Amino acid sequence: RYTLEMELEEFGFFLSAYEYLKKIGNWELIEMTVKTIAQEIHAHKWDMQEREYMPVLNLMAELMEDAGDAGRAGDYETVDFLVAEYRAIYSEYAELIY
């Protein structure tokens, strides 16, 4: 059974808390959230039906890893940029990467 579609949707729910966490300044939880998303993408990418899009999932995971690193370093503008990039890529490829 393929679970990637449900997992990616779940990651979207996780990331939906980003603006609120940013507003209250909880960068530790943001870091934990984006790192978890990256780990989960790596864990579930093998469920992908269309393997040609594996680089897209790898990029999405990398963006979340980098966002966590940027948040830990206090570079919040970069976190904003990387989260926006992740969302844009997900929107562009959502119908293809299941």
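This is a predicted model: local features need pLDDT of at least 70, side-chain atom pairs count only at pLDDT 80 or more; totals for chains, interfaces and linings use all residues.
**Group meeting talk: a protein of helices**

Let me begin with helix α3, whose 18 residues should span 26 Å at 1.5 Å a residue, and whose end C-alpha atoms are 25 Å apart, which agrees. The expected span here is 1.5 Å times one less than the number of residues in the helix, and helices are DSSP runs of H or I with at least four residues, while strands are runs of E with at least two, numbered from the N terminus.

Residues are numbered from 1 along each chain as its sequence is written, and side-chain values use heavy atoms, with hydrogens and water left out.

Glu 31 counts as buried because its relative accessible area is 19%. Leaving out residues up to four places away in sequence, Glu 31 touches Gly 68 and Arg 72, a contact being heavy atoms within 4.5 Å.

Those two partners bring us to helix α4, which runs over residues 54-72 and, with its 19 residues, reaches 27 Å from first C-alpha to last, close to the 27 Å expected. Gly 68 is one of the buried residues of α4, and the others include Met 54, Leu 57, Met 60 and Met 64. Just after α4, Gly 74 takes a positive phi of about 80°.

Now for the whole protein, where the secondary structure comes to 5 helices and 0 strands, giving the pattern α-α-α-α-α along the sequence. The radius of gyration is 13 Å, close to the 13 Å that the globule rule gives for 98 residues, so the protein is as compact as a globular protein of that length; this radius is taken over C-alpha atoms, and the rule is 2.2 Å times the number of residues to the power 0.38. The C-alpha atoms fill a box of roughly 40 × 20 × 20 Å along the principal axes. Of the 98 residues, 39% count as buried, and of the contacts with a separation of 6 or more, 67% come from residues 24 or more positions apart.

Conventions:
Buried means under 20% relative accessible area, exposed over 50%, partly exposed in between (1.4 Å probe, protein chains only).
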